[in-house]
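Me: I've got a protein chain open on my screen and I'd like to work through how it is put together. Can we go one question at a time?

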Amino acid sequence: MSADQYPEFRLGKVLATSFTATLTERCGEPVERIPVPRRLVDWLAINGLMVDSCTDSQLDRAREVRESIHAVATAVADQAPLPPSAVRVINDCSTNGVASVVLTPEGRQEWRLGSASVEDALSVIAADAISVISGERDGKMALCASPTCRAAFFDTSRGATRRWCEMNTCGNREKKARFLANKRQSPSPAH
């Protein structure tokens, strides 16, 4: 299967929540956006984390990390206790990788992996999740208002009032559904 036969990636500005968006429509018909190891390599490359290859077991580990991040982010958004097993997975992943943050000549932050391994890339994602979830950055964890999506996202909007993980997907779909429902309920003008 070629890359164009897989679902497109949903890319956001926050690495950790972008990673959780590799599984979408969690409460509807789930869409797995990294169904094979090669797609994980592709996603990591798009996000500046170049790895040589990915095995099936590394993909399984990546999905475990992804689901742990989603579980903890959901708990934070719901103001619920953090699931200990998910916290353990994130912490283990963060501490088991080798990566460093460097400053580019343009003044931007960039990650350098200790090796071109999936484990080192996952440690960067786990570290980003810890940064966001622990409140180190301005913003708050929120859940998409779409009843089929419920993706965790990091809301940095003024007043932290964002409702959708992505306006161009969930937001538009929900607004369209509301418009059509209102149109069906409105009586037709008499002729």
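Me: How many of the ten residues of helix H2 (residues 37-46) are buried?
Reply: This is a predicted model, where local features need pLDDT of at least 70, side-chain atom pairs count only at pLDDT 80 or more, and totals for chains, interfaces and linings use all residues. Residues are numbered from 1 along each chain as its sequence is written, and side-chain values use heavy atoms, with hydrogens and water left out. Helices (H or I, at least four residues) and strands (E, at least two) are DSSP runs, numbered from the N terminus, and buried means under 20% relative accessible area, exposed over 50%, partly exposed in between (1.4 Å probe, protein chains only). H2 is mostly covered, and its buried residues number seven.

Me: Is the aromatic pair of Phe19 and Trp43 stacked, edge-to-face or tilted, and why?
Reply: There's one aromatic pair in the structure. Rings of Phe, Tyr and Trp (its six-membered ring) pair if their centres lie within 6.5 Å; planes under 30 degrees apart count as stacked, over 60 as edge-to-face and the rest as tilted. The ring centres of Phe19 and Trp43 are 5.1 Å apart and the planes sit at 50°, so this pair is tilted.

Me: How many residues apart are Phe19 and Trp43?
Reply: Phe19 is buried at a relative accessible area of 0%, and Trp43 is buried at 0% too. Phe19 belongs to helix H1 and Trp43 to helix H2, so to speak distant parts of the chain, linked by the pair. Their separation is 24 residues.

Me: Is Thr17 buried or exposed?
Reply: Thr17 is in helix H1. Leaving out residues up to four places away in sequence, Thr17 touches Met141, Ala152, Phe153 and Phe154. Its relative accessible area is 11%, so Thr17 is buried.

Me: How do helix H3 (residues 56-77) and helix H5 (residues 118-133) run, roughly parallel or roughly antiparallel?
Reply: Axes are lines fitted to C-alpha atoms, for helices over the stretch in contact, and angles run from 0 to 180 degrees between N-to-C directions. H3 and H5 pack at about 0°, with axes 11 Å apart. Angles under 35 degrees count as roughly parallel, over 145 as roughly antiparallel, 65 to 115 as roughly perpendicular and the rest as oblique. That makes H3 and H5 roughly parallel.

Me: How many residues of the contact of H3 with H5 are nonpolar?
Reply: On the H3 side the contact includes Val65 and Ile69, and on the H5 side it includes Leu122 and Ile125. Ala, Val, Leu, Ile, Met, Phe, Trp, Tyr, Cys and Pro count as nonpolar, Asp, Glu, Lys and Arg as charged, and the others, Gly among them, as polar. One residue is polar and two are charged, while the nonpolar ones number eleven.

Me: How far apart in space are Cys27 and Ala151?
Reply: Cys27 lies in the loop between strand S1 (23-24) and strand S2 (31-32). In sequence, Cys27 and Ala151 are 124 residues apart. From C-alpha to C-alpha, the distance is 9.2 Å.

Terms used:
Contact means heavy atoms within 4.5 Å.
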